[in-house]
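Subject: Structure handover

Hello,

Here is the structure I promised to pass on. Please open it next to this email and follow along.

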Amino acid sequence: EELRRKSLDSMALGLLLHDVAMNKVPAFILNKNTPLKQDEKDKIPPHVLGGMQIAQKMELVEEEVRAACLEHHERLDGSGYPQRMKGTQISSMGAMAAVADSFSAMLQKRVYAEAKTPAAAAGELVNAAHLYEKRFSAALQAAFVAGAFSSGSRAG
């Protein structure tokens, strides 16, 4: 399938902006060194809708931007949020954004997990085929195997 330049630009914009509303989550929650309490956890999911609202205010109404904002926490097995979509209910853009978002998160040290190397994170996403669309996780992993990115550095 041939993608037009406008579609590629919209996809890039969607991937760039998918988490834009995380800036509305209080910093003390994002920077907390101990496990989140339930009321703190409840402040995170609204960023999905907030991202869409910000994109609309910026008149970024392309389908790719909408899907990246709204679906980047959806998972193939239905365990994601906010809509608990499953399998083919998730758009290709949403599935791609889910891989990108999870990959980025895995590179950061968290209270519940150490930062992973990029190659290790990509491999873990491939192994989680029940959660992530294999064509996107495998493409990410292939880039590290091919040496397209340095896999020796850690973020964070």
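Below is what turned up, region by region. Keep in mind that this is a predicted model.

**The main core**

Start with the packing inside. The largest nonpolar core has 23 residues. Val99, Phe103, Leu125, Tyr132 and Leu140 have the most contacts inside this core. Four helices each supply at least two of its residues: α5 (63-71), α6, α7 (118-127) and α8. The largest share comes from α6, with eight residues.

Which residues does valine 99 touch, leaving out those up to four places away in sequence? The list is Leu125, Tyr132, Glu133, Phe136, Ser137 and Leu140. Click through them on the model.

There is also a second, separate core of eight residues. Val48, Leu60, Val65 and Leu70 are among them.

**The aromatic pair**

How many aromatic pairs does a search of the whole structure find? The search finds one. Phenylalanine 103 and phenylalanine 144 form this pair, and it is tilted. The rings are 5.9 Å apart, centre to centre, with 40° between the planes. The pair links distant parts of the chain. Phenylalanine 103 sits in helix α6 (residues 92-106), and phenylalanine 144 sits in helix α8 (residues 134-145). They are 41 residues apart. Both phenylalanine 103 and phenylalanine 144 are buried.

**Two covered helices**

Look at α5 next. This helix is mostly covered, with seven of its nine residues buried. Those seven are Glu64, Val65, Ala67, Ala68, Cys69, Leu70 and Glu71. They pack against α1 (5-17), α4 and α6.

Then turn to α7. Its buried residues are Pro118, Ala121, Ala122, Gly123, Leu125 and Val126. They pack against α6 and α8.

**Histidine 47**

Histidine 47 is in helix α4 (residues 47-57). Is histidine 47 buried or exposed? Its relative accessibility is 3%, so histidine 47 counts as buried. Its side chain makes a polar contact of 3.1 Å with the side chain of histidine 72. Leaving out residues up to four places away in sequence, histidine 47 touches Asp19, Ala21, Met22, Val25, His72, His73 and Tyr81.

**Pocket and cavity**

The largest pocket has a volume of about 1100 Å³. It is lined by 32 residues. Met22, Ile44, Ala105, Arg110 and Tyr112 are the closest to its centre. Two elements give two or more residues to the lining: α2 (27-30) and α6. Of these, α6 gives the most, with five residues.

The structure also holds one cavity of 30 Å³ or more. The largest cavity has a volume of about 40 Å³. Which residues line the largest cavity? They are Glu71, Glu74, Arg75, Leu76, Ile90, Gly94, Ala95, Ala98, Leu131, Tyr132 and Glu133. Again α6 gives the most to the lining, here with three residues.

**Loops and backbone**

Finally, a few spots in the loops.

- Proline 26 is in the loop between α1 and α2. Its relative accessibility is 27%, so proline 26 counts as partly exposed. Proline 26 and lysine 43 are 17 residues apart in sequence and 8.1 Å apart in space, C-alpha to C-alpha.
- Glutamate 59 is in the loop between α4 and α5. Its phi is positive, about 60°, although glutamate 59 is not a glycine. At 65% relative accessibility, glutamate 59 counts as exposed.
- Proline 82 lies in the loop between α5 and α6. A cis peptide bond joins tyrosine 81 and proline 82, with omega about 10°.
- Arginine 84 is also found in the loop between α5 and α6. Its phi is near 55°, a positive value in a residue other than glycine. Why is arginine 84 called exposed? Because its relative accessible area is 52%, and exposed means over 50%.

Begin with α6, which gives the main core its largest share. Then find the tilted pair of phenylalanine 103 and phenylalanine 144. Finish at the cis bond between tyrosine 81 and proline 82.

Best wishes

Methods: Residues numbered from 1 in each chain as written. Predicted model: local features only at pLDDT ≥ 70, side-chain atom pairs only at ≥ 80, totals over all residues. Heavy atoms only, no water. Buried < 20%, exposed > 50% of the residue type's maximum accessible area, 1.4 Å probe, protein only. Polar contact = N/O pair within 3.5 Å; in protein donor to acceptor, adjacent residues only side chain to side chain. Contact = heavy atoms within 4.5 Å. Phe/Tyr/Trp six-rings, centres within 6.5 Å; stacked < 30°, edge-to-face > 60°. Core = buried A, V, L, I, M, F, W, Y, C linked by side-chain atoms within 4.5 Å. 1 Å grid on protein atoms, 1.4 Å probe; cavity = no way out; pocket = protein on both sides within 12 Å on 5 of 7 lines; lining within 4 Å. Points joined across faces, edges and corners; volume = space filled by probe spheres on them.
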